[in-house]
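Reader: I have a model open and want to go through it with you. Can we start with the pocket and then move on to the sheet?

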Amino acid sequence: MAGSETHTEKYIACAAIVPDCPFEATATTEEELLQMVASHAAHDHGINDVSPELAAKVKAAIQNR
């Protein structure tokens, strides 16, 4: 039944962690979203090693849509 399925996407805005960063991402799973965030962090912010503190901030900034 199509009506019984709930489809929730995961969303993050980098500005919640890095002020003024325009990056936003949406994915169907948290794992997929975290891969997108890791790629963005490495490419745009030069962050290749994610500390536990940063990982916690990122996970806290993820929203369901």
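Reader: Which element gives the largest share of the lining of the largest pocket?
Author: Helix α1 does, with 6 residues. Bear in mind that this is a predicted model.

Reader: Which elements supply at least two residues each?
Author: Two helices are in that group: α1, residues 30-45, and α2, residues 52-61.

Reader: What volume does the largest pocket have?
Author: About 280 Å³. The lining is made up of 17 residues, and those closest to the centre are Val37, Ala41, Val50, Leu54 and Val58.

Reader: How do the lining residues divide into nonpolar, polar and charged?
Author: The lining has 14 nonpolar residues, 2 polar ones and 1 charged one.

Reader: OK, the sheet now. What is the strand order?
Author: The order is β2-β1-β3, in an open sheet of 3 strands with antiparallel pairing. The edge strands are β2 at 24-27 and β3 at 63-64, each of which pairs on one side only.

Reader: How many bridges are there between β1 and β2?
Author: There are 4, joining β2 to β1, residues 10-13, in the antiparallel sense.

Reader: And how many join β1 to β3?
Author: That pair has 2 bridges, and the strands run antiparallel.

Reader: Which residues stand opposite each other, then? Start with Tyr11.
Author: On the β2 side, Tyr11 stands opposite Thr26. In β3, the bridge partner of Tyr11 is Gln63. Further along, Ala13 is opposite Glu24 in β2.

Reader: Where does α1 lie relative to the strands?
Author: Helix α1 lies across β1 and β2, and the angle it makes with β2 is about 150 degrees.

Reader: Change of topic: His40. Which helix is His40 in?
Author: His40 is part of α1.

Reader: Buried or exposed, and why does His40 count that way?
Author: His40 counts as buried because its relative accessibility is 6%, and the cut-off for buried is under 20%.

Reader: What does His40 touch, leaving out residues up to four places away in sequence?
Author: With those left out, His40 touches Cys14, Cys21, Phe23 and His45.

Reader: How many residues apart in sequence are His40 and Cys14, and what is the C-alpha to C-alpha distance?
Author: They are 26 residues apart in sequence, and the C-alpha to C-alpha distance between His40 and Cys14 is 9.1 Å.

Note on methods
Residues numbered from 1 in each chain as written. Predicted model: local features only at pLDDT ≥ 70, side-chain atom pairs only at ≥ 80, totals over all residues. Heavy atoms only, no water. 1 Å grid on protein atoms, 1.4 Å probe; cavity = no way out; pocket = protein on both sides within 12 Å on 5 of 7 lines; lining within 4 Å. Points joined across faces, edges and corners; volume = space filled by probe spheres on them. Nonpolar A, V, L, I, M, F, W, Y, C, P; charged D, E, K, R; others polar. Pairing = 2+ DSSP bridges. Contact = heavy atoms within 4.5 Å. Axes fitted to C-alpha atoms, helices over the stretch in contact; angles between N-to-C directions. Buried < 20%, exposed > 50% of the residue type's maximum accessible area, 1.4 Å probe, protein only.
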